[in-house]
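Let's take a friendly walk through the aromatic side of this protein. Have the model open and follow along.

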Amino acid sequence: MPVHRSTRAAPRRGPLISALTLALLGAGLPAVAADDSEPDLSRFYRQKVKWSDCKGPQPPKDLQCGKVTVPVDYARPGAETLALALARYRATGDRRGSVVLNFGGPGGSGVAGLAADGKDFMELTDGYDVVGFDPRGVGRSSPVSCGDGFLSAEATEDTDDVLRDPGAALRELRGMAAECAKNSGPVLPHMGTVNVSRDLDVIRQALGDDKLNYLGFSYGTRLGAVYAAQFPDRVGRLVLDGVDTLTEPLARQGVAGAEGQHRALKDFVDWCAQDIACPFGQDPRRGREEVVRLIRSLDEDPVPTVFGGMFSGQDLVGAISQALYSKDLWPSLQRALAQLVEDGDTRGVEAFATGGFAVPGPAPRPGREDGGLADEEDVPLDNLPAALMAVNCADDPDRPTAGRITRELRRLRAEYEQASPVFGRYRLTQVLMCYGRPKGTDFIREKVKDVDTPKMLLVGTRGDPATPYRWTEQTAKRLGPSAVVLDNRGEGHTGYGSSACVHRKVDDFLLYGSLPADGSSCGTESEE
């Protein structure tokens, strides 16, 4: 693991610095507490990013890479540290600082996202360096992993098994949690949005900015909201696009996700059926039935993959769920499904399931050339789902007992299958995966509300398959008068990349401070 152990004596353990204490410190370097009972973070806040050309195969022109160091445990900053990978496009106009991006997930690499989609943010370089980062446990920043069998185990763990033999199935889930801990190292207990937000503040200071300017998508909106609660005096211009819930438990989030993805699948099959090359034919209704049959057949008889494992129907559900987030991915999904149906070739759909990594890597190890960053080829194949589960479980304080799970599972299963016969089982399995992990924080549910910050822009999309529009309304109400809502009357997950109107209004706010009226809207793309 790319985690550095300190050779200095550990300081006396003290409580975590409170959000109030950090806010009172202002935008300057954190001071050492007078009674030295609180951790001294000043050495982390004295960093400056050293930028250089990015390494790797054909990095985009003008993309620069760097890193910052943060404590693994903010309560013990003299102990282990980890490096966070950064990337940026430099400002081409009159530079007024940086805007930091988070592409969502949780578990998405900001460095890879900026390298792949940097062209979408070039207008922002008129005033900002545009910066992406790999959060702790993600990509090159001490990537977490649950081992070689996690992807198949995650997909095939069946609610039927829990109903038949609850004790055995829940013991298996607890064993999987132990495998995640063994394969991830010391960063795993310190995953979660509260710590990522603290990392984000260290990044802000290392970039030389007094205030954080930020554009977060999907999960990135949760991160932005937590930052606003922890560091209200350091908030600059914040945009939250595809707004996440701050209050709904994972079980309720899973139902909403299954419903949204089912609607998106219907839209995809309708679109696919217009093409003679659609692997499910030209009748949309029969096409949807063919999708269900394909999933069931793969669950009954998985096919081998080029990596030596087996690809099941639930693996396919996971892949489809990733591809449905954006209509831009639909042509690639159609081709990948055709390869699977016609040739039994799983490589295309597996790329969606693993976040684009095409080959598995070994367990994470210290990066030898980049001062603590993992080498790109060493990022584990399961890093995206392993990080997603680690963060979501760390952010959720609910840990029902084995007895409660057993009592409520039939009701939950029926509810999920009613939400979607395709995605219901998969989403419920993800919820069960938190069993056996430590209880998460209640900070987000209890403390992220009524923030005292400058105005921030929240973008909600009416046809979003992952973050329903009601979450935008609920989160805006919870954050208080600082939240300004932009209603995007379009389709797809988030609005910045799909709506010219949203794109323009977000850029106007970030570049010039020009906010749309609260409750104003952008029409469908055809109306713009």
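What follows is a short tour of ring pairs and of charges over rings.

This is a predicted model, in which local features need pLDDT of at least 70 and side-chain atom pairs count only at pLDDT 80 or more, while totals for chains, interfaces and linings use all residues. Residues are numbered from 1 along each chain as its sequence is written, and side-chain values use heavy atoms, leaving out hydrogens and water.

Rings of Phe, Tyr and Trp (its six-membered ring) pair if their centres lie within 6.5 Å; planes under 30 degrees apart count as stacked, over 60 as edge-to-face and the rest as tilted. By this rule there are nine aromatic pairs. Take Phe-217 and Tyr-496: their ring centres are 6.0 Å apart and their planes stand at 55 degrees, so this pair is tilted. It links distant parts of the chain, with Phe-217 in strand β7 (residues 212–217) and Tyr-496, 279 residues apart from it, in the loop between β12 (483–491) and α19 (500–512). Strands here are DSSP runs of E with at least two residues, and helices are runs of H or I with at least four, numbered from the N terminus.

Phe-217, at 8%, is buried, and Tyr-496 is buried at 2%. Ring pairs also link both of them with Phe-103 and Phe-121 into a cluster.

Finally, look for a charge over a ring, meaning NZ of Lys or CZ of Arg within 6 Å of the ring centre and within 35 degrees of the ring normal. Arg-96 has its charged end over the ring of Tyr-128, 5.8 Å from the centre. Arg-462 lies over the face of Tyr-469, 4.0 Å from the ring centre.

How values were computed: Buried < 20%, exposed > 50% of the residue type's maximum accessible area, 1.4 Å probe, protein only.
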